[in-house]
Amino acid sequence: MLSKLKITFCFFLFPLLLKSQCLSKITSFKEGEKVSYQIYYNWGFIWVAAGEAIFTTEKTTFATRPVYKLKGEGRTFPKYDALYKVRDKFESYVDTANLRPYRYLRDTKEGSHVVYNDSYFNYTKKRIVGYYKENEKPIKTDTLALHSCVFDVMSMIYYARNIDFSKSKIGDKLPIIMYLDNEVHYLYIKYLGKESIKTEKGMVSCIKFKPKLIPGTMFKDGDEMTVWVSDDENKIPMLIEAPILIGQVKAVLKSASGTIVPFNL
């Protein structure tokens, strides 16, 4: 009986869940934005500046549609590759109005783990076709049902920057449907209020939230990432902290250009 009640509850909740996470308008970024981060790893009690990450946006076309190409690249510096080598690239081709992804690419090397994933989102046929290769295993092809408001890694990052938290209370959880590695995950973003953080240029007022992480090669089950985004029109992620399997990692904003409004770090 309890299981039936849960199924019934989810059946009625699901349309609300989908509605709650759809984006109606992009407000926090534009074509030509470039944001870079210094990546710090914590081993024991020492924080080491061991890598960098760069995120860019550009306008292009995909199947004749105008789209944003969202690109994120991360790497460890060569002198730290022996500890844990990272060479990651993510790309997403998304609708310029609502961030719906049309194509998603993942090409990552994290330690000895190598993943390549190329996925296509067909909203007419309501399906995702994904091609997935892990290490030396054969390529796997999967076809999944496509929900109208699903996000991949890159589109979710930019979606989070466009969330309007003005009516949220501390502790509220906003449902998110995320596609990764030929699987669909039901996650959330937990709102934690506002907090000022210290930067090299002084204190910056931020919006603070915690996205639920997907366990895998780097993250453990149940972990949550903490994100501080600037409390302005840009909503630039200023600081990101997350636990990983070998310690902790944090990304600290190094530079930002091409933003909606002038942004001086």
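In the predicted model, Lys194 is exposed, with a relative accessibility of 58%. The side chain of Lys194 takes part in a salt bridge with Asp231, in which the closest N and O atoms lie 3.1 Å apart. Lys194 belongs to strand 11 (residues 183-199), whereas Asp231 is placed in the loop between strand 13 (226-230) and strand 14 (237-244), so the pair ties together parts that are 37 residues apart in sequence. Asp231 is partly exposed, its relative accessible area being 32%.

Glu195 is partly exposed at 33% relative accessibility. Lys208, by contrast, has a relative accessibility of 17% and counts as buried, because this value falls under the limit of 20%. Altogether the structure holds 13 salt bridges. Glu52, Arg75 and Lys254 are connected in a network of such interactions.

A further salt bridge joins the side chains of Lys140 and Asp142, with an N to O distance of 4.0 Å. Lys140 is partly exposed, at 42% relative accessibility. Asp142 is likewise classed as partly exposed, with a relative accessible area of 23%. Asp142 is also a member of strand 8, where it stands opposite Gly130. Strand 7 and strand 8 pair in the antiparallel sense, and 6 bridges are found between them. The two strands form a hairpin with 5 residues between them, and within the turn Asn135 adopts a positive phi of about 50°.

Ile139 is located in the loop that separates strand 7 (127-134) from strand 8 (140-145). Ile139 has a relative accessible area of 58% and is therefore classed as exposed, the limit being 50%. Together with Tyr120 and Tyr131, Ile139 forms a nonpolar patch on the surface, and the three residues share about 290 Å² of accessible area.

Most residues other than glycine have a negative phi. Lys126 is situated in the loop between strand 6 (113-122) and strand 7, and its relative accessibility of 57% places it among exposed residues. Thr64 likewise has a positive phi, near 75°. The position of Thr64 is in the loop between strand 2 (46-62) and strand 3 (65-76), and Thr64 is exposed at 75% relative accessibility.

The loop between strand 10 (173-180) and strand 11 contains Asp181. A polar contact of 2.6 Å connects the side chain of Asp181 with that of Arg106. When residues up to four places away in sequence are set aside, Asp181 touches Arg106, Val115, Asn117 and Tyr132.

Helix 3 (residues 153-161) is mostly covered, with 8 of its 9 residues buried. The buried set comprises Val153, Met154, Ser155, Met156, Tyr158, Tyr159, Ala160 and Arg161. At the start of helix 3, Asp152 places a side-chain oxygen within 3.1 Å of the backbone nitrogen of Met154.

Over the whole chain, 3 helices and 15 strands are present. Of the 265 residues in the chain, 49% are buried. The chain exposes about 14200 Å², of which 56% is supplied by carbon and sulfur atoms. Among contacts between residues at least 6 apart in sequence, 47% join residues at least 24 apart.

Notes. Residues are numbered from 1 along each chain as its sequence is written. This is a predicted model: local features need pLDDT of at least 70, side-chain atom pairs count only at pLDDT 80 or more; totals for chains, interfaces and linings use all residues. Side-chain values use heavy atoms; hydrogens and water are left out. Patches are made of residues with over 30% relative accessible area and no salt bridge: like charges are joined within 9 Å, nonpolar side chains (Val, Leu, Ile, Met, Phe, Trp, Tyr) within 5 Å. Accessible areas come from the Shrake-Rupley method with a 1.4 Å probe; for residues, only the protein chains shown count as cover. Helices (H or I, at least four residues) and strands (E, at least two) are DSSP runs, numbered from the N terminus. Buried means under 20% relative accessible area, exposed over 50%, partly exposed in between (1.4 Å probe, protein chains only). A polar contact is a pair of N or O atoms within 3.5 Å; within protein, one must be able to donate a hydrogen and the other to accept it, and residues adjacent in sequence count only if both atoms are side-chain atoms. Two strands pair if DSSP finds at least two bridges between them. Contact means heavy atoms within 4.5 Å.
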